[in-house]
Amino acid sequence: MARASPEVQLHLLPLTHLTISLGRRISLLEDTILRCNSDFLLQFFSTWSIQSIISLGKVNKRLHQVVKLYSTMMWNVSAFLGHYFSDLNELKRLLSEERFVLFGPAVFSFFDRRTFQFWPLDICICVNSMDNFIRLLQIEGYIYVDGPPGIPSFETAVLGELIRTPYIKLKSNGERNSSESDRSAWGPYVFSKDEIQELRIRVYVVRCDAYRHVLSLRATGLMNLITFKHAVSLFPRSTFMHKRSFVSQQEDTPLYFPLHNEHFWLEHNKKVFNVETIGLTHEPFEDVEMGK
């Protein structure tokens with residue numbers, strides 16, 4: 001066992017410092033971790049499974065604080081969004097007022113502790129929020145680059161969908177429908193801010209609350225989202241610990257779920273994310289999240 005002074009200050013970036021009160025005797029592992037900087041902490045835990053990190057945090061209060069600090073640095077939402085937006089205050093304001101929801105492969109990669117790569121950031125917005133959202137994209141320098149064939153602009157594409165949608169459907173918010181079709185999205189509409197289109201935003205427009213569309217996606221591994229106040233994975237154990245994604249809709253047919261990226265990108269990138277999509281089956285699986 002190693003001895004330490006009653007208090008050790010751990011200097012970390014972007015945090016200025018963390019003061020942890022110690023007992024008279026601490027383990028060699030604790031002493032090593034507490035005397036290293038934030039870069040070491042991130043690298044040290046990068047090879048650990050999430051379950052092992054959680055278990056370590058349950059050992060004592062000191063290690064709980066270390067794991068909590070690691071989580072704050074590892075899952076830094078502002079740093080993640082800063083790759084796509086320069087004015088985070090305006091983005092957060094709109095996330096709060098317009099209830100946008102961020103999801104898709106970029107958000108999955110964020111939860112999965114992967115080094116940042118240029119995955120498209122999927123954003124789901126309500127049709128009533130279009131004007132404010134377009135204004136944000138313009139300020140950030142994004143331009144419309146792809147969508148339905150022959151459609152020149154984002155606004156024209158959504159207007160066409162509104163014209164083609166029966167009035168009674170426009171009144172539906174998806175809350176009491178036996179079918180999920182009223183929660184389906186128009187899109188994706190792709191925006192980019194560089195010539196090679198490496199940094200992309202894919203926009204999905206819905207008539208219901210944006211989060212309802214994410215909850216209606218085809219499989220559980222897709223149900224990871226960021227809102228104004230929360231970053232939420234609905235099936236964290238299955239998705240990120242056991243690497244399983246369960247088909248969650250009985251209407252699992254190509255006609256019901258067109259081959260849009262928001263429903264199938266995880267299967268298309270199976271070799272990248274190492275997640276197995278499991279269809280409707282009677283086979284039992286352990287440690288699966290169950291709704292109550």
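Biologist: Why is the contact between R93 and E97 called a salt bridge?

Modeller: In this predicted model, the side chains of R93 and E97 come to 2.7 Å, N to O. The cut-off is within 4 Å, so the pair qualifies.

Biologist: What separates R93 and E97 in helix α6?

Modeller: About one helical turn, because they sit 4 residues apart in helix α6, which covers residues 88–98. E90 joins in too: E90, R93 and E97 are linked in a network of salt bridges.

Biologist: And what makes R93 count as partly exposed?

Modeller: Its relative accessibility is 35%. Buried would be under 20% and exposed over 50%, so R93 falls in between.

Biologist: Why is R164 called exposed, then?

Modeller: R164 has a relative accessible area of 58%.

Biologist: What makes D287 and R237 a salt bridge?

Modeller: The distance again: 3.0 Å, N to O, which is within 4 Å, so the name applies. This pair links distant parts of the chain, with D287 in the segment after β13 and R237 in helix α12, 50 residues apart.

Biologist: Why do D287 and R237 count as partly exposed?

Modeller: D287 has 39% relative accessibility and R237 has 29%.

Biologist: How many salt bridges does a search of the whole structure find?

Modeller: It finds 13.

Note on methods
Residues are numbered from 1 along each chain as its sequence is written. This is a predicted model: local features need pLDDT of at least 70, side-chain atom pairs count only at pLDDT 80 or more; totals for chains, interfaces and linings use all residues. Side-chain values use heavy atoms; hydrogens and water are left out. Helices (H or I, at least four residues) and strands (E, at least two) are DSSP runs, numbered from the N terminus. Buried means under 20% relative accessible area, exposed over 50%, partly exposed in between (1.4 Å probe, protein chains only).
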